[in-house]
Amino acid sequence: MISRIIILIATLDSGGAERVVSSLASYWAINKKEILIITLDGSKEDFYSLDRRVKRKILTQFANSNNIFLKSLN
């Protein structure tokens, strides 16, 4: 049985939580887990890389708004 794991995080910038997410996701992907990472910002800002087996979805409707209130509302 394949486990499916979804992780939601704002970015994959150079923070500690981002490092842990990228490390765990890559480890789980190597060990036959289906991993999906959902981020609010695009991959241009990424500091950490992911294993090629990790799927990623970027919620661009959040990234395109300059207004913090509208970002939160979305």
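Leaving aside neighbours within four places in sequence, L50 is in contact with L12, S22, S26, I37 and R56, a contact being defined as heavy atoms within 4.5 Å. The structure is a predicted model, in which local features need pLDDT of at least 70 and side-chain atom pairs count only at pLDDT 80 or more, whereas totals for chains, interfaces and linings use all residues. Residues are numbered from 1 along each chain as its sequence is written, and side-chain values use heavy atoms, with hydrogens and water left out.

L50 is placed in the loop between β2 and β3, where helices (H or I, at least four residues) and strands (E, at least two) are DSSP runs numbered from the N terminus. With a relative accessible area of 24%, L50 is partly exposed; on this scale buried means under 20% relative accessible area, exposed means over 50%, and partly exposed lies in between (1.4 Å probe, protein chains only). The C-alpha atoms of L50 and L24 are 9.6 Å apart in space, although the two residues are 26 residues apart in sequence. One of the contact partners of L50 is S22, which is found in helix α1 (residues 16-30) and is buried, with a relative accessible area of 4%. Apart from neighbours within four places in sequence, S22 is in contact with Y48, S49 and L50.

The largest nonpolar core has nine residues, namely I7, I9, L12, V21, A25, A29, I35, I37 and V54, such a core being a set of buried Ala, Val, Leu, Ile, Met, Phe, Trp, Tyr and Cys residues joined through side-chain atoms within 4.5 Å. At least two residues of this core are supplied by each of β1, α1 and β2, and α1 gives the most, with three residues. Within this set, I7 is in contact with V21, A25, W28, L36, I37 and I38 when neighbours within four places in sequence are left aside.

Side chains of opposite charge can pair when their charged atoms come close. Three salt bridges are counted, the criterion being a side-chain nitrogen of Lys or Arg within 4 Å of a carboxyl oxygen of Asp or Glu. In one of them, the side chains of E34 and R4 meet at 3.2 Å, N to O; because E34 lies in strand β2 and R4 in strand β1 (residues 4-9), this pair ties together parts that are 30 residues apart in sequence. E34 is partly exposed at 33% relative accessible area, whereas R4 counts as exposed at 65% relative accessibility. Another salt bridge joins R56 and D46 at 2.4 Å, N to O, and because R56 lies in strand β3 and D46 in the loop between β2 and β3, the parts that it ties together are ten residues apart in sequence. R56 counts as partly exposed at 25% relative accessibility, and D46 is likewise partly exposed, with a relative accessible area of 27%. R53 forms a salt bridge with D51, with the closest N and O atoms 2.8 Å apart; here R53 is partly exposed at 38% relative accessible area, while D51 counts as buried at 17% relative accessibility.

E45 is found in the loop between β2 (34-39) and β3 (55-58) and counts as exposed, at 52% relative accessibility. Not counting residues up to four places away in sequence, E45 touches L12 and D13. A separation of 7.6 Å is found between the C-alpha atoms of E45 and T11, which are 34 residues apart along the chain.
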